[in-house]
Structures are given as structure tokens and as C-alpha cells.
Amino acid sequence: MSTLRTEEMTLNMGPQHPSTHGVLRFVIKADGEVMREAIPDVGYLHRSIEKIAEKVGYHGFMPYTDRVDYVCAMFTNQGWAMACEKLAGIEVPRRGEYCRVIAAEFNRLASHLLTVGLMGMDIGAMTPFLHALREREMINDLIEELCGARLTFNYMRIGGVAWDLPPGWREKALAYLDHLDPILDEFNALFSYNKICIQRLANVAVISAEDAINYNLVGPNLRASGVKWDVRKDIPYSVYPEFDFEIPIGRGEWGTTGDAMDRYMMRIREMVQSSRILRQALTQIPDGPVLAKVVRNFKPPAGECQVRVESARGDQGWYVVSDGSSYPWRVHVRTGSFAAMGIIQKLSRGLMIADLVVLIASLDVIAPEIDR
Amino acid sequence: MNNSLVTLIGRAMFGPAPLDHTDQAAAIAVACAVVLFAIAVPFASIVTWVERRVWARIQSRVGPNRVGPNGFLQWLADGVKHVCKEDVIPEEADAPLFKLAPYLVVLAFILPWAVMPFSSMLILADLNIGILYMTAITALTVVGVLMAGWSSNNKWSLIGGIRSAAQIISYEIPAGLSIFPAVLMTGTLSMQGLIRAQKWEPYHWFIFANPFCFVAAIILFVSTLAENNRTPFDLPEAESELVAGFATEYSSMRYLFFFMAEWGNMFIAAAILVTLYLGGWQIPRFNWSPALMNLLQFICFLVKVLVLVFVSMWIRGTLPRVRIDQMMSICWKYFVPIGFINMIGTAIWVAFFPHGSRLMEMAMFALALAIVAAFAWRVAYFTRRSRMELYFHPTI
Amino acid sequence: MGVAAYFRHIKEAVVTIFDGMAVTASHLIRKPYTIQYPDRIPARVQDRLPFRYRGILDVDLEICTGCLACDRACPIDCIAMAIEKNAQTREIIISQFDIDIAKCMYCGLCSEPCPTGAIHHTTEFEGADYSLESLIRRFVVEPVVAYKPKKGPEPDPAVASLLERGMKYVDQWAQPGSDKPPTPKAASSAQTATPQPAKPAANPARMPAKGAAAAAPKPSAAPARKGADGQAVTQSPPAEASVDNREATGEAANPAIDTAGVRQRDKTPAS
């Protein structure tokens with residue numbers, strides 16, 4: 001019998017595919033269920049936010065930073081505020097820094113909850129997703145009370161934050177943290193330690209430490225490969241040096257170091273650490289003003305600066321060039337998701353189509369952050 | 001034609017029908033089919049509502065509760081909506097096959113009801129190969145699904161259809177192997193015969209007869225989940241991977257057919273398990289009128305089936321989906337070898353204890369109770385541990 | 001794969017699935033978290049949102065000073081204002097104050113610099129409409145004279161209550177460099193981790209201010225007051241209902257909301 005003629009199948013995954021986390025597109029070359037290659041195609045969500053910054057001024061750009069990464073907008077807020085403060089040499093009051101850290105860490109919790117929930121949904125379990133979103137809703141309630149919005153916070157200002165903690169909020173936040181810890185255990189029992197989940201995630205899409213560094217991965221994706229790098233510890237900013245917390249790294253308990261399971265568990269572990277930071281911050285928070293004096297017509301001196309923030313999706317770089325006018329001359333954001341997209345093509349070779357979904361979810365790419 | 005019909009019907013031992021009148025027998029068969037269809041379709045639809053409510057509660061939601069009392073009529077509203085929608089057939093699709101596929105799937109869902117042993121008398125045809133017929137007919141689904149996947153002319157559909165074919169055919173084997181232990185113990189393939197061999201007391205059900213039967217019942221349950229494309233084996237319609245799998249291009253009534261068949265098949269799968277291992281319609285004997293006894297038996301059977309259907313909904317609310325290669329390895333590396341062990345083990349068991357071992361029955365029953373107790377303890381642990389009173393919006 | 005690994009896989013699968021099923025079973029007996037949004041809720045969502053909630057913008061023209069700070073602050077120019085200065089009386093006439101709700105991104109940058117809290121976010125969020133035109137809110141029907149802050153207390157009670165609410169809104173914002181706590185001390189001291197059914201809430205806005213309007217925070221909610229006055233609770237406009245009902249921690253929040261009206265009705269005549 002002569003050999004059967006087979007051919008590769010070119011599949012178009014996205015931009016309206018249910019599991020591409022926004023508007024992403026992958027061109028998949030597949031041999032049955034096994035992929036030869038998946039080529040990511042970005043740019044569907046480009047809104048030229050960096051260019052907008054050159055037209056709306058320093059104060060006015062703050063709400064736009066919410067849209068850079070709408071899942072964890074506090075970090076983009078903070079990055080922009082820190083960049084402007086560094087340009088103009090403004091010192092933020094200590095209570096303001098604490099408010100920032102509290103808001104940002106709550107946002108990290110919310111973002112990681114979404115990530116682990118989406119991982120559940122992408123491998124076919126709806127329940128973990130909705131349980132995670134339920135917890136995220138509670139955090140959103142807290143943040144809503146803090147700053148009046150649930151998604152596009154616009155909480156921070158150049159020189160501090162726009163609102164102090166409302167009365168009674170601290171106790172409520174601490175009560176929520178007491179509630180979260182058992183819920184995380186329950187979530188682990190429901191999903192993370194489930195055999196099917198481990199089988200689906202372990203040893204899938206392994207990123208070695210060298211690859212992670214070479215492909216410029218940041219944040220949880222980098223740490224899952226065993227590289228201990230966290231901007232909060234290594235280039236400390238804000239009041240993070242005052243807190244006692246650990247940087248979890250991937251150890252490959254379930255498979256190989258740097259596999260999808262490590263990247264997934266990294267989020268769970270970081271939530272535990274965030275909870276630790278929040279407890280300390282909420283109890284240590286000093287009295288005082290939360291906002292430094294900043295003129296409305298903010299004109300930083302000519303110059304350029306670069307700041308780094310450890311966002312939920314990793315090292316986020318803000319580069320601002322000022323020409324001394326009230327509008328920035330150039331703004332650039334360096335985001336973790338864009339870097340993570342680069343490695344997908346390499347990792348996808350030999351994976352199954354179902355694994356591509358796992359890979360995307362484990363890298364935690366958020367479409368608006370890729371394209372900005 | 002007429003003769004073959006007579007032979008076919010004559011073999012099938014109709015309860016009420018006189019066998020010498022072919023026309024009457026055929027009429028009765030058609031009437032029964034219509035009645036069954038009228039039962040089966042609303043049942044499959046109502047199950048969708050139950051599933052959505054159960055699922056919602058598992059996920060801290062409320063679920064559909066607007067149409068009718070507690071949303072009970074949601075299935076009717078959904079059905080009407082689907083019928084009213086535009087029936088889109090893609091231009092590039094293979095139209096005849098595309099149209100035929102849903103009917104084949106529904107056929108595979110309707111035919112098994114013919115041998116459904118609702119009570120000691122309420123059965124359309126107590127075939128002497130009832131259980132064999134059941135497994136053979138339910139496997140027809142694969143033809144419809146594969147046809148749908150191919151004719152849609154969509155790559156996602158095709159992958160879904162092929163996954164479905166691989167899955168259903170593979171899991172027929174462990175399912176078949178798990179039927180053998182019960183058949184070995186009774187020596188009959190008739191649905192009623194299988195039930196009559198068991199008694200109403202739970203420890204006299206075949207699932208507790210010996211450890212092999214216990215494992216076989218579990219394998220049978222999981223295999224039927226896979227055959228019905230239920231989570232964790234819902235790969236053919238994996239919405240996060242394949243959009244909607246083989247049903248991607250379907251809309252309107254045709255789409256409804258696929259899902260009606262899926263939910264209806266849950267009932268059939270549960271009925272097979274109840275018949276084989278969970279005592280069927282067996283209730284304690286009373287000296288009441290046959291009609292009343294049959295009604296009680298029917299209720300007993302229905303309750304057992306619904307409990308199993310509930311379990312499969314609950315599994316769907318809990319587990320993620322396995323990957324295609326894992327699905328295959330679960331089948332061929334785990335279920336098939338264990339299924340053979342069960343079969344051989346039961347054969348040896350029957351050789352040693354032709355009438356069953358009372359001691360083992362009680363031991364297995366105690367084990368099952370212990371499992372349930374351990375489970376209840378875990379549930380209580382999780383309920384106590386999470387402080388749900390902290391919900392900020394506890395309003396329903 | 002060795003024999004041990006084979007059986008370990010089976011054991012792990014059984015145990016973890018058992019645990020997962022226990023978690024979901026425990027959720028079957030818990031309360032759902034979601035609410036039945038438009039109708040099946042004890043109180044309107046708008047009434048339960050926090051005071052800082054950034055909903056659709058509203059302008060109290062009576063206390064608008066016509067300073068144009070909001071117009072300048074808006075990064076997307078969704079506020080269109082026109083003012084004229086009367087040379088003789090040195091009054092400012094506001095002839096146009098339009099807000100394009102379709103453009104607005106609810107960032108709050110306009111209400112931040114407002115000196116009197118005239119432009120502020122309400123807790124109203126249902127903004128769907130049939131045309132883009134109707135989404136432009138025109139607050140000036142005919143040109144009005146802008147508000148001028150008085151030296152002493154405001155004589156006109158209607159304007160005073162507006163101003164009081166406005167200043168409360170302004171007080172929520174962080175004051176640059178000031179050590180002033182954002183809300184009265186009494187409010188924060190009463191807040192503890194334990195659930196408090198009767199908690200200090202925001203002063204009800206626009207309620208008939210009879211002397212004690214500016215006094216210490218009252219344990220009340222705006223709908224409760226309205227109920228005591230014999231009006232229907234649900235008829236209160238959104239701007240009046242800007243009360244933080246969710247300050248109480250824990251499950252007591254729900255009974256507090258359900259019974260606040262009743263309890264308050266009993267208390268009001270006594271006080």
C-alpha cells in the first residue's frame with residue numbers, strides 16, 4: 001500500500017477565539033492535533049496610548065494609563081506617577097506611598113485571581129473561574145470604595161494618591177484578607193491540586209532559565225523558570241523595603257522547572273505573599289498627608305527618566321522624555337505581555353492545540369498590554 | 001417486508017400486544033415510539049434547566065430563575081427561541097450531510113428508550129439482548145457527530161468530529177468490559193433479567209457484589225461520561241479550544257438537536273448503570289395492585305437515574321477537561337486493563353460463589369457508607385473553613 | 001512508567017477528584033454570591049454604592065462658581081462651558097455647561113479641582129440611550145449667574161444643603177500636603193472589625209436642613225429619612241441617595257440595609 005498523502009492544516013485561532021484573552025490571533029500550522037508552529041499576530045488592540053500622552057499632558061494622561069493594562073491598572077498608574085515624580089523630583093508622603101502599595105497589592109491579588117481563574121476556564125473547568133471572579137469582585141468592591149471605580153481606577157496622582165483610605169476600610173480589608181487565605185486553600189483543593197489540572201499543566205511548554213532571560217520574560221513568568229528577580233526586592237521602590245515578604249520561584253514540584261504548572265502556581269504563591277504585604281501595610285500605615293503639593297500645570301524640567309514597577313505581569317518600564325513643556329515629549333511603556341508573546345512561537349512547536357491554550361493562559365498575556 | 005417485521009416484532013416479546021396481528025403490533029410500536037418521544041424530549045430539555053441550576057449553585061450563582069417558578073420553564077423558552085432562530089447552512093458545507101447529521105444523533109438518542117426498563121411491566125420491548133442493543137445503538141452517535149464535523153467544512157468542526165469519533169469508539173471498549181461482570185453473574189442480556197437478579201436492598205445490588213463489580217460500575221460510569229462527551233471528556237465540543245467543536249456551524253433547531261441528544265444521553269447512560277449495578281426498579285414486595293406497584297417501581301427507577309444524572313452534572317461543575325492524548329491513555333492504559341481484570345475476577349468469583357457472598361456484600365456496602373461519610377466530613381470541613389459570611393453583597 | 005507510578009496516578013486522581021467534588025458539594029449548600037440586578041434586590045444598587053463611586057456626572061449649577069477648572073482638567077474635552085463676565089457687577093454668567101456622557105471616561109479629574117463640589121460624580125450608572133445626541137447633558141437652560149462664595153454661612157437653606165453636600169464631596173479628595181483626616185473623627189472611631197448594624201453614615205444630602213444639618217454624622221440613611229418624612233423611598237433622585245451603605249463589615253451589612261428604614265423610623269421622632 002502506498003503511503004497516504006497527508007498535509008499540514010493551517011488554522012486561524014483568533015482574533016475572535018474564546019480563549020485568546022482579548023483580541024489576539026495565532027496562525028497555527030497543525031498536523032492533526034499536534035502543532036508544528038503557532039505564529040502570534042499582535043496589534044488588534046493598538047490604541048496608540050503612548051502617542052496620546054504627548055497630547056493630554058502629565059495629569060491628564062493618568063486615566064489613560066488605566067487602559068494600558070486594565071486588569072491591573074494600579075501598577076500602570078503607579079508607573080506613570082513615579083516617572084513624573086522622578087522627572088520633577090517630587091517626594092511622595094509616606095502615607096501616600098502606603099496607600100499606593102495597599103492599592104497596588106490588592107490589584108495584584110485581583111489580577112492573579114483572574115489569571116488562575118482563566119486558567120481553569122481554558123482547560124475546561126468553569127467553576128474555578130467563577131470562584132476566582134467571585135473573590136475578585138470582593139476586591140473590586142474594596143477598591144471601588146477606595147477610589148470609586150472597579151476597573152479603570154485612576155487612583156494615583158503625581159505626588160501621591162487622590163483619595164485617602166475611607167474610614168473603616170482598613171478593618172474591612174483586613175477582614176477580607178482573613179477570608180482570602182482559606183479560600184485560596186479551597187481553590188487549590190478544587191483546582192490546583194486536581195490530578196487532571198496537574199496532568200494538563202505539568203511538563204507543558206517548559207521555559208528554561210536561559211530561555212526566559214534571553215526572551216526577556218519578566219515577572220511571574222521569569223520567576224517560574226527559577227530566576228529570582230523581582231523589582232520590588234532587587235530595585236526597591238516605594239515602601240517595599242519596609243515589608244517582610246518572600247519572592248517565590250518555580251521549583252518544578254509537579255514536573256519540570258518552568259513549565260505551565262510552575263507559572264500557574266507562581267500566581268497562587270504570589271497571592272499569599274501579597275496578602276502578607278497587605279497585612280503589614282494595613283497595620284503599619286502611618287498618619288499624614290497622602291498627596292504632595294503639585295502644581296496643576298505640571299511642567300517637569302527637561303530631561304528623561306525611566307522607572308520600573310513590578311506589575312502583576314512583571315517588570316513594567318516607563319520611559320518619559322520631557323522637553324520642559326506641559327506635555328511629555330515621548331512616553332514609552334515596556335510591558336511584560338509583549339515580551340511573553342515573543343516566546344510563544346518557539347514554545348508552540350510540538351505542542352498540542354489544547355496546550356496552546358494552556359500556554360497562553362499560563363503566560364498571562366493581556367491583549368491591551370501587548371498592543372497598548 | 002411484512003414477514004421480517006413480524007419476525008422482528010415477534011422476537012421482541014411485547015407485553016400488551018397480541019403477536020398474531022402485525023398491523024396492530026406495528027401501530028402499538030409506533031404509538032409507543034411517539035409516547036416515548038414525547039417523554040424523552042421534554043426530559044432531556046428539563047435536564048438542561050436542572051443542570052444550569054445545579055451548576056449555578058456550585059459556582060455561587062443563581063442560575064435561570066425568571067421563566068416560570070424558579071425558572072422551571074426555561075427549557076421551553078430556550079426551545080422556542082432555538083426553533084425561531086435562523087437556520088444557517090454555510091455555503092461551503094456539504095448540505096445533505098449537514099442536514100442529516102443532527103437527525104442521526106437524535107436517532108441514537110431516541111432508539112435506546114425502547115428497552116428502557118422503567119418498571120417490571122413498563123418496558124416497550126424486553127429484548128433478550130437488551131443491554132447489547134443499548135450499547136450498540138448509543139454508539140450510533142459517533143456517525144452523526146463525525147458527519148457533522150466533516151460536512152460543516154470548518155477545521156474546528158472537523159477536529160471536534162474526529163476527536164469525538166476517537167473518543168466514543170475507544171470508550172465503547174471499557175464500557176463493554178464493565179457490562180460483562182453483571183452479565184456474568186446473571187447469565188442474561190435482557191434488561192429485565194438483569195434487574196430481576198438483584199434485590200431491593202442496597203447491599204444486594206450488583207455494585208456491592210464484589211470488589212470487581214464496584215470498580216466496574218465506576219469505570220462504566222466514567223466511560224459513559226466519555227461517550228456522551230461530558231466533562232471531563234468534553235473534548236469534541238471543547239469551547240476554549242475548538243470554539244464549539246463539531247457544532248460550531250450549527251444553529252437553530254439543528255444545534256438544539258445535538259444538545260438535546262447530549263442531555264438525553266445522560267439519562268440513558270445513568271439508566272444503564274442503574275439497571276446493571278444499582279438494582280433498577282427493585283422495591284420491597286407489597287400486596288398492592290400491580291398498577292400501584294409499577295408506579296412505585298417507576299419512581300424508584302427514576303430517582304436512581306436522576307441521582308446519577310445529578311452526579312454527572314456535579315462532575316461537570318468540578319473537573320477540568322483532559323487532553324486528547326490523556327483521554328486515550330486513560331482509556332487504553334487504565335480502563336481497558338482494569339476492565340479485563342474485573343471481567344476475569346468476576347468470572348472467578350462467580351465460579352467460587354455462584355450465589356454471591358453475603359459477607360462480601362456487607363463489607364462492600366460498609367465500605368461505600370464509609371466513603372460517603374468521609375465525603376460528608378470533607379464537605380463540612382470546607383464549609384466551615386471558608387467564612388462565607390464575609391460576602392459584601394449577600395442579597396438574593 | 002513503573003507499577004508504583006501506575007497505582008500512584010490512580011490514587012492521586014481518586015483522592016484529588018474526591019476533594020474537588022467535596023469543595024463543589026460544599027458550595028451547593030452555600031448562598032449564591034450574585035445579585036439579581038435590576039429588580040430582585042432589597043435596595044437599588046445606586047443607593048448602595050460607595051460615596052466615592054464615579055458614576056455619571058452631575059452639576060449643581062446653584063453652587064457652580066464658573067471657574068472653568070473642570071473644563072481645563074478634562075483630558076478628553078467632554079465638558080463644554082461658556083461664561084461671560086459682567087463688567088459692572090463683576091458677576092460671571094454661565095451660558096453653557098454641556099457634558100458629553102458618551103465621551104466621558106469617568107476619570108474624576110474634573111470633580112477634583114472643583115472648589116464647591118458643584119460638578120460631581122453621582123452613583124447613577126445606567127446611561128443607555130437611543131441616540132448619541134441625547135447623551136449630551138445640557139445643564140444650562142438659560143444663562144445663570146454663577147455662585148459666589150459668601151463670607152459667613154450660606155443664608156439660603158436650599159443652596160446651603162447643596163453646598164454642604166458639595167463640600168463633603170470635596171473633602172473626600174486628598175488635600176495636598178494637609179494632615180487633615182478626610183472625614184470626621186467620630187466616623188472613624190466608631191468603625192471596628194465587628195459588624196455594626198447602626199453605623200455612622202454620610203449625611204443625607206438635600207434633606208430639609210433644619211439647623212442640625214452640619215452637625216455630627218447621624219446614624220441614618222437617606223432613604224430612611226425619606227421614609228420618615230412620609231415619602232416613597234424609591235422616588236429619591238440618585239444624587240440624594242449617595243450614601244455609603246456598605247461601611248458595615250460582615251454579614252450584618254445585609255440586615256442593616258434591610259431594617260435600617262424601619263429602625264430609623266422608630267428613632268426619628270424621639271431625636
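1. Chain A contains an open sheet of three strands, ordered 6-7-8, with antiparallel pairing. Its edges are strand 6 (303-311) and strand 8 (328-334) of chain A, each of which pairs on one side only. Direction ignored, neighbouring strands of this sheet are turned by 15° against each other on average. The model is predicted, and these points should be read as describing that prediction.

2. The pairing of strand 6 with strand 7 (residues 314-322) of chain A is antiparallel and runs over nine bridges. One position to check by eye is A:Val309, whose bridge partner in strand 7 of chain A is A:Gln316. As background, strands of a sheet pair through backbone hydrogen bonds, in either a parallel or an antiparallel sense.

3. Helix 3 (residues 73-88) of chain A lies across strand 6 and strand 7 of chain A. The angle between helix 3 and strand 6 of chain A is about 150°.

4. Chain B has 14 helices and zero strands. For the 396 residues of chain B, a compact globule would have a radius of gyration near 21 Å; chain B has 22 Å, which agrees. The C-alpha atoms of chain B fill a box of roughly 65 × 60 × 45 Å along the principal axes.

5. Buried residues account for 46% of the 396 residues in chain B. Of the contacts in chain B with a separation of 6 or more, 77% are between residues 24 or more positions apart.

Technical notes
Residues numbered from 1 in each chain as written. Chains lettered and ligands numbered in written order. Predicted model: local features only at pLDDT ≥ 70, side-chain atom pairs only at ≥ 80, totals over all residues. Helix = DSSP H or I, 4+ residues; strand = E, 2+ residues; numbered from the N terminus. Rg over C-alpha atoms; globule rule 2.2 N^0.38 Å. Buried ≥ 20, exposed ≤ 12 C-beta atoms within 10 Å, placed from the backbone. Contact = placed C-beta atoms within 7 Å. Pairing = 2+ DSSP bridges. Axes fitted to C-alpha atoms, helices over the stretch in contact; angles between N-to-C directions.
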